[in-house]
Every structure is written in C-alpha cells, then in structure tokens.
Amino acid sequence: MKRLTILFALCLTMALPAHAGGDLTRQTPNVVEVNLGSETGEMVFQPSKLEFETGKLYRLVLINNSPHPHYFSSVGLARSVFTRKAQTYAPNGDRTAEIKGQIQEIEVFPGHRAEWWFVPVQTGEFNDLVCSVSGHEEAGMAGSVNIY
Ligand SMILES: [Cu+2]
C-alpha cells in the first residue's frame, strides 16, 4: 500500500511540468509601473532598475506626469521579448491606440501613458535603458534591465 502511494506521488510529480504550457500571452499580467521623468521636471526613470522573468506576461506601464516628452528605449529588452501588444492612453484615461508587432522604443507625451505587454523569452543584463531625447540621458535618464 505504501509502495503504491509513493508510485502515485511520483506519477503526479512527473505530470506537473516546471513551466505551464499553452498560450503564454494569455496569462494574468504582472504589472510593472515606470515613471518617465517627474512632475517637477527631473530627468529620471522611477524605478531605474527593472527585473523581469522569462515566460511570464508583463504589462509595463509607462507613465509620463512630467512637463516633457520622454522615450523608453532598451534595445536589449526589445530583442529579448515577444510583444503581445502596446496600448496608449490620453490624459483623460481614454485608450487611444493599440499596436501589434515588434516594439523597439516608445515615446510618451506629457500627461499620457503607454502600456507594453510582453513575455520575455531570453535572459540577459542590459545597461542600455535610456531616454533618447537629446540631452536627457546625460541629465540622468538611464537605467538597467535584468531578465532572469
Ligand atoms: Cu526624456
């Protein structure tokens, strides 16, 4: 009887995969919010160190409550993820666009918001997060992305 129980437990363990299969883009998303600049005009990403895990769906929310337009640009991140979609939102909260296909970088205008839905598929450490508006990286808009 004891032997049968062990055998049953073993079969159960083998039946459960380490990673869930199926459509990885249809998981409940993990929400990560990043502020581009600050309300007082500081040139910062808050937070500036981002971490993602392969195989999980993320909804990366890029919020610009600053007086300037800002970019979110990380070539390393862009090349390491499968993008489900991107969406943009006006200051009043109305959704204004949904974009499909590969994303390289996103510019968000003052008072606006953008969301990038993706599943990281490759690991890597990238110190290449920047805002590509002239002078903003030098003023402090730089950060890193770690995909594990
Ligand atoms: Cu900027």
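1. Strands E6 and E9. In this predicted model, strand E6 (residues 81-89) and strand E9 (residues 113-120) run antiparallel and are joined by 8 bridges. One place to look at the pairing is Phe 82, which stands opposite Val 119 in E9.

2. The sheet around them. E6 and E9 belong to an open sheet of 6 strands, with the order E2-E1-E4-E9-E6-E7 and mixed pairing. Strand E2 (45-46) and strand E7 (95-99) are the edge strands, and each pairs on one side only.

3. The chain as a whole. The protein chain has 2 helices and 11 strands. Along the sequence, these elements follow the pattern α-β-β-β-β-β-α-β-β-β-β-β-β. Among contacts in the chain with a separation of 6 or more, 75% are between residues 24 or more positions apart.

4. Surface and burial. Of the 148 residues in the protein chain, 38% are buried. The accessible surface of the chain comes to about 8800 Å², and carbon and sulfur atoms account for 54% of that surface.

5. The copper site. Which residues coordinate the copper ion? They are His 70 through ND1, Cys 131 through SG, His 136 through ND1 and Met 141 through SD, at 2.0 to 2.8 Å. The spacing of these donor residues in sequence is H-x60-C-x4-H-x4-M. Cys 131 and Met 141 are 10 residues apart, and both lie in the loop between strand E10 (124-130) and strand E11 (142-147).

6. Geometry of the site. The angles among the 4 donor atoms range from 77 to 135°, and the site is classed as irregular.

7. Are Cys 131 and Met 141 buried or exposed? Cys 131 has a relative accessible area of 1%, so it is buried. Met 141 is also buried, because its relative accessible area is 0%.

8. Ser 66 is in the loop between strand E4 (58-63) and strand E5 (70-73). Its side chain makes a polar contact of 3.2 Å with the side chain of His 70, a residue that coordinates the copper ion. Another polar contact, of 2.7 Å, joins the side chains of Ser 66 and Asn 64.

9. Surroundings of Ser 66. With a relative accessible area of 4%, Ser 66 is buried. Beyond its neighbours within four places in sequence, Ser 66 is in contact with Leu 36, Gly 37, Ser 38, Glu 39, Pro 110 and Gly 111.

Note on methods
Residues numbered from 1 in each chain as written. Predicted model: local features only at pLDDT ≥ 70, side-chain atom pairs only at ≥ 80, totals over all residues. Heavy atoms only, no water. Helix = DSSP H or I, 4+ residues; strand = E, 2+ residues; numbered from the N terminus. Buried < 20%, exposed > 50% of the residue type's maximum accessible area, 1.4 Å probe, protein only. Polar contact = N/O pair within 3.5 Å; in protein donor to acceptor, adjacent residues only side chain to side chain. Contact = heavy atoms within 4.5 Å. Pairing = 2+ DSSP bridges. Areas by Shrake-Rupley, 256 points an atom, 1.4 Å probe, with all protein chains shown as cover. Donors = N, O, S within 2.8 Å, 3.2 Å for Na, K, Ca; no water. Tetrahedral: all angles 85-135°; square planar, octahedral: opposite > 155°, others 65-115°.
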